[in-house]
Protein chains: 2
Amino acid sequence: MQSDDLREYRPVRGGRPGDRYVKVVEPYAAEFRRRAPGHLVASERVLAPEGGLGRLTDLLRRVLIGRRIATEKEAQERIGPVKGLAVFASDNISSSAYATEEIMRVIVVAGAGALAATLPLTFAIVAVLLIVVTSYQQTIRAYPSGGGSYIVASENLGAFPGLMAAGALLTDYVLTVAVSVAAGVAALTSIFPGLYEPRVWVGIGFIALLWVGNLRGLQESANIFAVPTYIYLVAIFGLLAYGGWLVVTGGLPSYTAPPDVVGAAPLQGLGLLLLLRAFAAGSVALTGTEAVSNGVQAFRPPEARNAGLVLILMGGLFATIFIGISFLASQLGVIPDPSEQETVISQIARTLFGAGTPLHYLIQLSTAFLLILAANTAFAGFPRLASILGKDRFLPRQFQYRGDRLAYSFGIMVLAVLAAVLVIGFRGSVTNLIPLYTVGVFIAFTLSQSGMVVHWWRLRNEVRGWRWRAALNGLGAVATGVVAIIVGVAKFALGAWMVLLLIPLLIGLMWSIGRHYRSVELALAVDLSTGALPRRVAPRVLVPVSRIDRATLNALAFATSISADVTAVHVSNDADDLARMKEEWERWGGPVSLVILESPYRALMGPLLAYIDATDRVDPAQPTTVVLPEFVPSHIWEYPLHNQTALRLKLRLFFRRNTVVVDVPYHLG
Amino acid sequence: MQSDDLREYRPVRGGRPGDRYVKVVEPYAAEFRRRAPGHLVASERVLAPEGGLGRLTDLLRRVLIGRRIATEKEAQERIGPVKGLAVFASDNISSSAYATEEIMRVIVVAGAGALAATLPLTFAIVAVLLIVVTSYQQTIRAYPSGGGSYIVASENLGAFPGLMAAGALLTDYVLTVAVSVAAGVAALTSIFPGLYEPRVWVGIGFIALLWVGNLRGLQESANIFAVPTYIYLVAIFGLLAYGGWLVVTGGLPSYTAPPDVVGAAPLQGLGLLLLLRAFAAGSVALTGTEAVSNGVQAFRPPEARNAGLVLILMGGLFATIFIGISFLASQLGVIPDPSEQETVISQIARTLFGAGTPLHYLIQLSTAFLLILAANTAFAGFPRLASILGKDRFLPRQFQYRGDRLAYSFGIMVLAVLAAVLVIGFRGSVTNLIPLYTVGVFIAFTLSQSGMVVHWWRLRNEVRGWRWRAALNGLGAVATGVVAIIVGVAKFALGAWMVLLLIPLLIGLMWSIGRHYRSVELALAVDLSTGALPRRVAPRVLVPVSRIDRATLNALAFATSISADVTAVHVSNDADDLARMKEEWERWGGPVSLVILESPYRALMGPLLAYIDATDRVDPAQPTTVVLPEFVPSHIWEYPLHNQTALRLKLRLFFRRNTVVVDVPYHLG
């Protein structure tokens, strides 16, 4: 009786409604392919742009982000370990550019001699990293469909800790972008001082680049952003190898400290508190570790194995660089520059290669670019986490949508905009942004590892060796928890309070969104087995008319085609208009009766709504149907001259219970 | 068969569509009064506000602008000559505060002796005023329903000259508000220097006051704004009478010129050019004359007589003051202050009453307030002219709407906003605004009087003495035309160019709006005698569904109630969703068939629109009807979490030819 799939129909004269068409099978291959009765598959043709403007924007999209990718091609879009390392590890590896220095900056207040503690502290942090990496190895295997802190915490500890982890991570991803873009721009401006003045806009430019690059999809963003990561790795390992060889051969050149350092007296002794603070400062090294476990599904099968491999590679490379830098710094006796003009790595490179040599520049430039690209990890992590939260109904469902290239376009956009707001708000200053950073990550780590402890306890009868696994995760939870507290306290007044305020707000927001969606779902749910369609008689139809013209007749014709109970309503506010309308309606003599509502106070909405209210009392179960004649002009700039009334009416009726609004457009020409 | 008026109905079970209700007559007096079958009159009750916010805004409106006034009470809202003088003459009469001075400022460059020419020039300008007033007396009688320059010019000279007059006047009304508010604020800031810094905001405040005052309607705005006009008249006539008595009795005190004047040598001789320029400067005195003839319908019957009386009163009062001031200035030998610190009137008042005496202050304060209220004339003139243009379709029809108090609310708003923009744009500076002024008025005068010449020529066989009437108007046209040219040239570089550029733009805009409305009207027009309703079979209905829930079932129930040809369409972009939907639909087993559109590129709009296109080929005359299930959450802030898809779909479909969109809202709770 009804169309079960798409064919060409031809009208049959005199048939009864519902069987008035004869199906004529004709090809429609250009736009749809028939898979089964009532099941069509759209071709890319249906997305062909219309009009000049449409074609132009489509061309722009194709140039910027490339051809569309079909969902079934998704597996091909996934990445292997080599690209995975570039996408998911650049944030973490980039930390090696400053982790050693962060430690040294804290302990140097106890005098240059105290810098000997750098290497032991490095080992301590690498130990925590080892624990985290090992723990996440377990997590990835336990949660092969993606096991970020949010999932682990919510499955094992409950929804609330899950949202806490999610809120902490979302905040941190946004900060990662803002901080690393700001840091990268700062690294560039120290080489090109002309970029200092417009640094906020340079930062926004890089964010836009990351936005577009990530809209191109996983494969291509890996292609684009992998190069700087590998250049950095080659350069830094070259530095370490050369330095190591010099140490072994005893040919290490002598080091000259930056000018400000000379003669600075120790401010305090090297106590436990200072060591803890140095440890906290260096633990910024662990940021970015999270991303891999969230993105397991981005990897080619075997997903868990590839993700695990990337995690180990990342940890190994990072630990090697971190220890190497700390070792060389200790061997050379490097002292951090109090004026922050020269980084520790630059001091090492300068001492080994000579200041201003091409190799020194290579180290500096590749570091600068890697710092910018560290943001790319957040662009991989944030949209994925947001999409999982969207699926779980804690965020709007838009976060689940994937664009032309299978990227989570909405999440990417939100991340880019928020990061840009931060860069603008903090005027591109790394110093102001850094204190907000790191707290979130360690909150998430703690929750994730606590969740894993519960996980092992639950599986205690199935998993051999659950005790030492739980113990390992417990150790990790305690370690990261302590770091979280130290970082939160040490950086509280500097800005961490903003994050510690924002996370509960985010939790509250996500919680309310989740509750709202769930309550709506419950309220809308139907029992499918007894969910028959409520029988309805043809509706009461009201057609507001201002005069008789083609648009009005068009609407009245539609109204009479859907119901026999049609009334035209004319609101009149002056006597001339009233007389004219009455006379015209009589002269026309159409099959619809007219009700005139005289409006002594010239209001249109009030009388009409009161009249609808009154007709509503007839049968509250049956919605009143208002058919609006609408005139569609040929050009968009002619809109303000028309339909103001229809627009206002639609807005008012939309919020009215039990009212169906029908737009019958009349197009000119 | 259908409801012919508003009654209570009761559904009858088993009846056929269309006669399924039994009418039960019940009173509905609270909201509607029945005047005739199918003709109801709404009571004020239908405008009762809903909800807390609605009641609050309603209360605010009542406090600010007063109770609503019914259209039939309009005659009572009209005004007599006394209030008419305050409303329509304050602009013109306020010119007497500076007209003498403007003349003197020009001729003083020929030396203090040349100031003797002030009185003759005053007589010349009064002669032009006499011509204009006489001419408008004729106009008012010839066009008793309102005879502004626009009407006279367009009826006698054609649509284009009419629009030119309209454009010139609209521009000038806006400038009147901006200039007189700025001048009034300047007069106040010279007494209260603390107001100088926030003078722009003081000006905006006065504009807001005028806005609200005029929304209160004609009667009340006259009540509010009449007082300063009459205080000014009493004060200035007191000054003239006292001065005249002193001249007659020979007791005129001796005058001391402002300090800067002493010893200033004449810069040039008193040639014809200078006299013409002085004449042009003084002719600012004629601004505001136009308003009465535009507002004839604002007067109590006999409208034309009352309006004519006001025009004569205005001309007489103004001429007396103008001549009186010029006479006293000549008698005293007043010289305008080059530093613009003290006005000529202030010099006269100071000399006669003594500087700083209460009478001197009275003259100054009443002048300041009258200058602000001169704007009120424009608030009476602009909205009326715009409403006439709206009626003639040269401006959007919103300009015709009259608000709660019968004021043209939209025109009043537009005038207030434009004037505020000018005051802000020119930073409240009279000096910068003045050169834009006056050109428009004289263009309108010239067109109006030329129109009257044609008018008399047309009626040459009916009207006795048409020759001298036409000659008088011809003289006026030449005089005002010459003034228009002189003013335009003299002030061109100072800012008149903006007006001379704006007027053609306005003409173009109004012309295009008029052409657009007329072409639409033609395209939509139907021959009522043969304009039968096109017969339509029940529509093809498509219902986009995302899942089966109450909102969907609600929409499907409505769809099946209006047509037997209903197809549900589900766009699916992943395999899980597809399988779930198929399974649910089968389990439900409702009477509607489902078409699944698989979208490999995850787009929703494209496949749906392509499918609608395809079904459209069935019968292009019959619109495709898309029924949209829409979920309406309980709170407005929950909106962003829902209906994003429906919203986008509506937007796209609205611009699509031949598509009827039906919104079926489902309200929770």
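Me: What do the buried residues of α15(A) pack against?

Reply: In this predicted model, they pack against four helices of chain A: α7 (159–189), α8 (199–215), α14 (358–391) and α16 (430–433).

Me: What makes a residue of α15(A) count as buried, and which ones are?

Reply: A residue is called buried if 20 or more other C-beta atoms lie within 10 Å of its own. Among those that pass in α15(A) are A:Phe410, A:Ile412, A:Leu415 and A:Leu422.

Me: How do you know that the span of helix α15 of chain A agrees with its number of residues?

Reply: You take 1.5 Å a residue, so its 17 residues (409–425) should span 24 Å. The end C-alpha atoms are 24 Å apart, and that agrees. Just after α15(A), by the way, A:Arg427 takes a positive phi of about 50°.

Me: Why is the relation between chain A and chain B called a two-fold axis?

Reply: A rotation of 180° with 0.1 Å of shift along its axis superposes chain A on chain B, with an RMSD of 0.2 Å.

Me: What makes β7 of chain A and β4 of chain B a pair?

Reply: Strands pair if there are at least two bridges between them. Strand β7 (residues 593–598) of chain A and strand β4 (residues 39–42) of chain B have three, in the parallel sense, so they count as a pair. In one of these bridges, A:Glu598 partners B:Val41.

Note on methods:
Residues are numbered from 1 along each chain as its sequence is written. Chains are lettered from A and ligands numbered from 1 in the order in which they are written. This is a predicted model: local features need pLDDT of at least 70, side-chain atom pairs count only at pLDDT 80 or more; totals for chains, interfaces and linings use all residues. Copies are superposed by least squares on the C-alpha atoms of residues with pLDDT of at least 70 in both. Helices (H or I, at least four residues) and strands (E, at least two) are DSSP runs, numbered from the N terminus. The expected span of a helix is 1.5 Å times one less than its number of residues. A residue is buried if 20 or more other C-beta atoms lie within 10 Å of its own, exposed if 12 or fewer, and partly exposed in between; C-beta atoms are placed from the backbone. Two residues are in contact if their C-beta atoms, placed from the backbone, lie within 7 Å.
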